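I opened this structure to look up its aromatic rings and one patch on its surface. My notes follow the display.

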Amino acid sequence: MTPLTPAFPVDVVSDVHLNARDPHTLALFLKFLSADEPQAKTLIILGDLFDAWIGDDAVDEIGRTLAKALRHRRDQGTEIYFVPGNRDFLIGEAYCAQAGMKCLDEPIVLAGTDRPTALIHGDRLCTDDPAYQRFRKKTQDPRWRARVLRWPVWVRQLLRGWARHQSKRHGSAQIKHRPEIMDVNGQAVDRFATHHGIQRLIHGHTHRLGIHPEHTPSTPERWVLGDWQAGHGSYLRITPTGCSLYTLSTHPQSTPPASIDSDTQLIQEAIEPPQGH
């Protein structure tokens, strides 16, 4: 757990999945980072900033471009924090330093909010998928990561291709036969909230953009960030008095590829981006 007393407002993004196959999303995220006003004083990236990351010694042009943009944003006065996801868990101190961001262990527990709030990538709560949880446990082992990073870059590139294929294969099979296991487990959410003493949980990973109010005293209010793809994205703004969820697009007249999954109408009221984006 990482306690954090941020400067407000705080912007939160997750699952940007930057890659060479989707230049529209890269352009949108760079525009988001460079928007003039109003800018958040803190930016928290909840993992999967890149679609895949094979090591700080194999940074490509997208990685260099993004590092420059992030550092510029930091130099303008925005503190930037990063939580590794399930696709970029090999991002290390070298790239974080290059990008001007600080890597934090999840959960991040915020101070100064209207209710106790925690932020995580989200995959730890997808406990209905035991195969994935076995994979996650392996990737959280520093010894396993160190061993992988000792392999030649070309071997890791092959591994990246294989991992992407296996991920798509596993995801397609689960969506077809057991789509419910691709989401967080409700009991796991409640246990997590009780253990950390929180009333609001913010996460990504599932790509199910939405807001879920608390239903019982043990169920936290849950804000879920969507993924960024095909020039569409979303972000959450936190202030000391509450949260607002926004969508962004390089094609304002088009419909985001991800549907809104919400138990309330609040997201419909907060869907217009603020001035400056």
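I am working with a predicted model, where local features need pLDDT of at least 70, side-chain atom pairs count only at pLDDT 80 or more, and totals for chains, interfaces and linings use all residues. Residues are numbered from 1 along each chain as its sequence is written, and side-chain values use heavy atoms, with hydrogens and water left out.

Entry one, ring pairs. I took rings of Phe, Tyr and Trp (its six-membered ring) as paired if their centres lie within 6.5 Å, with planes under 30 degrees apart as stacked, over 60 as edge-to-face and the rest as tilted. I found eleven aromatic pairs by this rule. Phe29 and Trp228 are edge-to-face, because their ring centres are 5.2 Å apart and their planes stand at 90°. This pair links distant parts of the chain, 199 residues apart: Phe29 is in helix 1 (residues 23-34), and Trp228 is in the loop between strand 10 (221-224) and strand 11 (232-239). I looked up Phe50 and Trp53 next; they count as tilted, since their centres are 4.6 Å apart and their planes at 40°.

Entry two, burial. I used buried for under 20% relative accessible area, exposed for over 50% and partly exposed in between (1.4 Å probe, protein chains only). Phe29 is buried at 0%, and Trp228 is buried at 1%. Phe50 is buried at 2%, as is Trp53 at 7%.

I noted one aromatic cluster formed by Phe29, Phe32, Trp228, Tyr235 and Tyr246.

I place Trp162 in helix 6 (residues 153-177). Trp162 counts as exposed because its relative accessibility is 52%.

Terms used:
Helices (H or I, at least four residues) and strands (E, at least two) are DSSP runs, numbered from the N terminus.
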